[in-house]
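Subject: Structure for your attention

Dear colleague,

Please find below the structure that I am handing over to you. I would ask you to keep it open beside this message while you read the findings.

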Amino acid sequence: LGILAAPLVVAALGWGVERTMIRRLYRRQLDSLVATWGLGIVIREVLKILFGAGSRNLPFPFTGEFSIGGTSYPAYRIFLIVLSVIVMAWVTWLFARTDFGRKVSAVMQSRDMAMAMGIDAQKIDGIVFALGAGLAGFAGAVMTPLITLNAEVGLFFLARSFLVVIVGGVGSLLGTVLGSLLIGLGQSFISLFASPVIEQIILLLIAIVVIRIRPTGLFARPE
C-alpha cells in the first residue's frame, strides 16, 4: 500500500511546491538551488519532530532467492532490477513517443517559441515537476527495505543524484540512465578494495575529471 501511496503523495507535494515556490525562481537558478535546499532542511526537521530522530528498518514485502550461475541473489533485489527497467522504459516512452513528451521538449528548447505555439509552459512545468517528485517518492518507497530509514537518509541519494547528472549530462534522459549505471557499477567495483570514505573520494574525483574534460557531461545532447 505504501509503494502505491508514496508516489501519489509526493507528486502532490511536488506540484504544490512548484506552484508556490519554484515557479517564481525558474530564471534564478542559484536562488532556486538555495530555496530547494532550504526546503529540504525544513522537511527533514519536520520529519524528526513527527517521527523522531532515530532510525528504523522496514521488512521486505516478500523474501526468497534466485540462483544465477551458482550465486544466490535475493528475490527482492531482482524485483527492483526488473522494476527499474520497466520504469525507465515507461519514462523513455513518455518523453520520446507521446504528444506530452514533445511539448516538454519544445518548452525546454525554446520556452517563448513553445508558448507562441499555444503550449501552456507553466502547466508543463508543474506536471514535469510533479512527475519527477512522484518518481522520487516511488523510488524511496521501494528502496526502504534495503536501507536504514531516518530523516537524513535522502542526503546520501541527493549526492549520488548530483554525480549522476554531472557524469551523464543535464537534459539527457539517456545520459541520466547511463550515468547512473556508471556511478552504480563504479561504486560497487571500488567498494571491493576500498573503504566507504575512499570510495566517495574516488567517485568525486571521477566527477571532477568528467567536468574538466566534458563540462556538459559524457552523454549530453549537442546544442
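**Helix pair H3 and H6**

Helices H3 and H6 are roughly antiparallel to each other, a label given to angles over 145 degrees, whereas angles under 35 count as roughly parallel, 65 to 115 as roughly perpendicular and the rest as oblique. Helices here are DSSP runs (H or I, at least four residues), numbered from the N terminus. This is a predicted model, in which local features need pLDDT of at least 70 and side-chain atom pairs count only at pLDDT 80 or more, while totals for chains, interfaces and linings use all residues. Residues are numbered from 1 along each chain as its sequence is written, and side-chain values use heavy atoms, with hydrogens and water left out.

The axes of H3 (residues 75–97) and H6 (residues 121–143) come within 11 Å and cross at roughly 170°. Such axes are lines fitted to C-alpha atoms, for helices over the stretch in contact, and angles run from 0 to 180 degrees between N-to-C directions. On the H3 side, Tyr76, Leu80, Leu83, Val87, Trp90, Val91, Leu94 and Phe95 meet Leu131, Leu135, Phe138, Val142 and Met143 of H6; contact means heavy atoms within 4.5 Å. By class, this contact has 13 nonpolar, no polar and no charged residues. Ala, Val, Leu, Ile, Met, Phe, Trp, Tyr, Cys and Pro count as nonpolar, Asp, Glu, Lys and Arg as charged, and the others, Gly among them, as polar.

**Helix H1**

H1 (residues 2–20) contains alanine 6. The helix has 19 residues and reaches 26 Å from its first C-alpha to its last, close to the 27 Å expected at 1.5 Å a residue; the expected span is 1.5 Å times one less than the number of residues. In H1, Ala6, Pro7, Ala11, Gly14 and Glu18 are buried, that is, under 20% relative accessible area, with exposed meaning over 50% and partly exposed in between (1.4 Å probe, protein chains only). The face turned away from the buried side carries the exposed residues Leu8, Leu13 and Thr20. H6 is included in what covers the buried residues of H1. Alanine 6, at 18% relative accessibility, touches Gly137 and Ala141, not counting residues up to four places away in sequence.

**Helix H2**

The 23 residues of H2 (residues 29–51) should span 33 Å at 1.5 Å a residue, and its end C-alpha atoms are 33 Å apart, which agrees. The buried residues of H2 are Ser32, Gly40 and Arg44, and they pack against helix H7 (153–168). Serine 32 has a relative accessibility of 17%. Leaving aside neighbours within four places in sequence, serine 32 is in contact with Ile22 and Leu25. After H2 comes glycine 52, whose phi is positive, near 90°.

**Helices H4 and H5**

In H4 (residues 99–109), Phe100, Gly101, Val104 and Val107 are buried. Seen down the axis, they fall within an arc of 125°, so they line one face of the helix. They pack against H3, H5 (111–116) and H6. Aspartate 112 lies in H5 and, at 56% relative accessibility, counts as exposed.

Yours sincerely

Definitions and conventions. Helix = DSSP H or I, 4+ residues; strand = E, 2+ residues; numbered from the N terminus. Arc of directions from axis to C-beta.
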